[in-house]
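Please keep the sequence and the coordinates in view while reading.

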Amino acid sequence: MITIVHGSDIAASRNYLGSLRLSTPEAVLIDGATISITDFQQALDSGGFFNDGKTIIVEHLYNRKKAKKEFDALIAIIQGKTLENEIILWEDKELDKRSLAIFPHATIKNYKLPQTLFLFLDSLQPSKGRQLVQLFHQALSGADEEMIFFMLIRQVRLLLALHDKTNETIDEAKRLAPWQLNKLQRQAKQFSIEQLIVVHTRFFELDKAMKTGELTSSLSTAIDILLLDI
C-alpha cells in the first residue's frame with residue numbers, strides 16, 4: 001500500500017507524519033532526496049527497509065525528478081514493493097496531477113492552506129494596512145497565526161529577492177513556477193527596495209521576540225500593528 005502526503009499546509013502534513021511515527025515507532029525513515037540507488041537497493045537485498053511488511057516513510061523523493069535516471073530507478077524499486085509494505089511518500093509542496101499519476105493506486109492526502117491565506121499574501125502592498133488587517137483576520141479562520149506569520153515572512157523574503165528580476169538567488173525562488181515568479185515580481189514592484197528591507201527587518205525582530213519570549217502582546221495583535229504600518 002502506498003500513501004502520498006503532500007500539500008501547501010506543511011505543518012498539517014508534518015503533524016500527520018508525526019502521529020504516524022508515534023503509532024508506528026518501528027517505521028523506517030528515508031531521505032529520498034539524498035539516498036543513493038546502491039544504498040537503497042542494498043538495503044532491500046539485505047532484508048533491511050522492505051522486509052516483514054514494514055512501514056517505510058520516504059521524504060522529498062520528488063526532489064530527484066531532475067536526475068531522471070535516479071528518480072526512475074527509485075520509483076521502480078518502490079512500485080515493486082507496494083503490496084507487502086506500507087510506503088508513505090511525504091513532500092513539502094503540492095504535487096501536480098502528473099506527479100501523482102506515477103502511483104495511480106496510491107491513497108492521496110492533500111493538506112491545503114486556505115485560499116484566504118493566499119489572498120492575504122497576494123494583497124500585501126504599501127498603504128493598504130486596514131485592508132491587510134481585515135484579510136489577515138479572514139485567513140485566521142482557516143489557519144493558525146504562527147503558520148500565517150511563517151508564510152508572511154516567506155512572502156516578504158521572496159519579494160525582497162525578486163525586486164530585481166536578476167536577483168533570484170534564494171532556493172525558494174528557484175523552485176517557483178514561471179507564473180509564480182511573474183506574479184511575485186509584479187507585487188515586489190509595489191514596494192521600493194528600502195520599504196521591503198524595513199518590512200523584512202520588522203518581521204525578523206517580531207520573529208525573534210516571539211522565539212525568545214519577549215513578545216508583550218499576542219502574535220496576531222503584533223501582526224496587526226505591523227500591517228497597519230506597511
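Two strands are said to pair if DSSP finds at least two bridges between them. Helices (H or I, at least four residues) and strands (E, at least two) are themselves DSSP runs, numbered from the N terminus. The model is a predicted one, in which local features need pLDDT of at least 70 and side-chain atom pairs count only at pLDDT 80 or more, while totals for chains, interfaces and linings use all residues. Residues are numbered from 1 along each chain as its sequence is written, and side-chain values use heavy atoms, with hydrogens and water left out.

The protein chain contains 11 helices and 5 strands. Its C-alpha trace spans about 60 × 40 × 30 Å along the principal axes. Of the 230 residues, 43% are buried, a term that means under 20% relative accessible area with a 1.4 Å probe, protein chains only. Among contacts (heavy atoms within 4.5 Å) with a separation of 6 or more, 76% are between residues 24 or more positions apart.

Strand β4 (residues 86–90) pairs with β1 in the parallel sense over 4 bridges, and Ile 87 of β4 is the bridge partner of Ile 2. Strand β5 (residues 107–110) also runs parallel to β1, joined to it by 4 bridges; here Val 5 has Lys 109 as its bridge partner.

The discussion now turns to the nonpolar cores. Such a core is a set of buried Ala, Val, Leu, Ile, Met, Phe, Trp, Tyr and Cys residues joined through side-chain atoms within 4.5 Å. The largest has 37 residues, and those touching the most other members include Leu 117, Phe 120, Leu 152 and Phe 203. Two or more residues each come from α5 (115–122), α6 (129–139), α7 (145–162), α9 (178–188), α10 (193–211) and α11 (219–229). Helix α7 gives the largest share, 10 residues. Beyond its neighbours within four places in sequence, Leu 152 is in contact with Phe 120, Leu 121, Leu 124, Phe 203, Ile 223 and Leu 227. Apart from this core lies another, of 21 residues, among them Ile 4, Ile 35, Ile 77 and Ile 78.

Notes. Buried < 20%, exposed > 50% of the residue type's maximum accessible area, 1.4 Å probe, protein only.
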